[in-house]
Amino acid sequence: MEAKSQHFLLSAEARALSTKRIHRLSDEEAFAEFVAIRFSENGGAPFCPWCGHREVYAITTRKKWKCAAAACRRQFSATSRTNFASRKLPFRDLLLLVAHFINALKGISAIRLSHELEVSYKTAFVRLHKLREVLSVQQENPLRGKVEIDGGILEVMPDLKTIAPVGSIAGVFPIEQASDNA
Ligand SMILES: [Zn+2]
């Protein structure tokens, strides 16, 4: 099995999510979309999250799969071994959560997310925290091939002790001051 290069939340599939489109998805379509993202490192085809085996049997009625490896044979769902495993949210909401999180360049507040998903502030807060946790964890393998990096602002707080009095701005930032006057 090829080593995974990045978390599925950072996949091109996850970054392409549009909230407008997600709102129009049926339950089945939302499930299919989530599966495609979750297993994006295998072209969207489910593989065993326990042993990595790629041959699995679908247990379609329960939206689950069973590993075909003789030594494993474990059952798994689309959220097994992800931080959505204890999810109480429908797949459409999980997609919205990911879309809002990935697309909010300046970060998204728990209060705004709770309105967007129509869930409690606490649920939104916990979900955001878990997503940040996932993305801050050291990746198991370094990124390879073509790497794209996006910027994001998590928090901007001025340090009050270093804010210069108005009169000294020109001295602190002579170049900006000069171009402003030009
Ligand atoms: Zn397995």
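Quick definition before the picture: a helix axis here is a line fitted to C-alpha atoms over the stretch in contact, and angles run from 0 to 180 degrees between N-to-C directions. Keep that in mind for helix 3 and helix 4, whose axes come within 8 Å and cross at roughly 50 degrees.

Okay, ground rules. This is a predicted model, so local features need pLDDT of at least 70, side-chain atom pairs count only at pLDDT 80 or more, and totals for chains, interfaces and linings use all residues. Residues are numbered from 1 along each chain as its sequence is written.

Now the overview. The chain has 8 helices and 3 strands; those are DSSP runs, H or I of at least four residues for helices and E of at least two for strands, numbered from the N terminus. In order, the elements go α-α-α-β-β-β-α-α-α-α-α.

Back to our helix pair. With angles under 35 degrees called roughly parallel, over 145 roughly antiparallel, 65 to 115 roughly perpendicular and the rest oblique, helix 3 and helix 4 are therefore oblique to each other.

Helix 4 is the one I'd look at. Its 13 residues should span 18 Å at 1.5 Å a residue, and the end C-alpha atoms are 18 Å apart, which agrees; the expected span is 1.5 Å times one less than the number of residues. Is helix 4 mostly buried or exposed? Well, 11 of its 13 residues are buried, so it is largely enclosed by the rest of the structure. Buried means 20 or more other C-beta atoms within 10 Å of a residue's own, exposed means 12 or fewer, partly exposed is in between, and C-beta atoms are placed from the backbone. For the chain, buried residues make up 18% of the 182 residues.

On to the cores, meaning sets of buried Ala, Val, Leu, Ile, Met, Phe, Trp, Tyr and Cys residues joined through C-beta atoms within 7 Å. The largest has 16 residues, and F34, L94, L95, V98 and A99 touch the most other members. Helix 3 (27-38) and helix 4 (91-103) each supply at least two residues of it, with the largest share, 9 residues, coming from helix 4. Apart from that core lies another of 5 residues, including V56, W65, C67 and F76.
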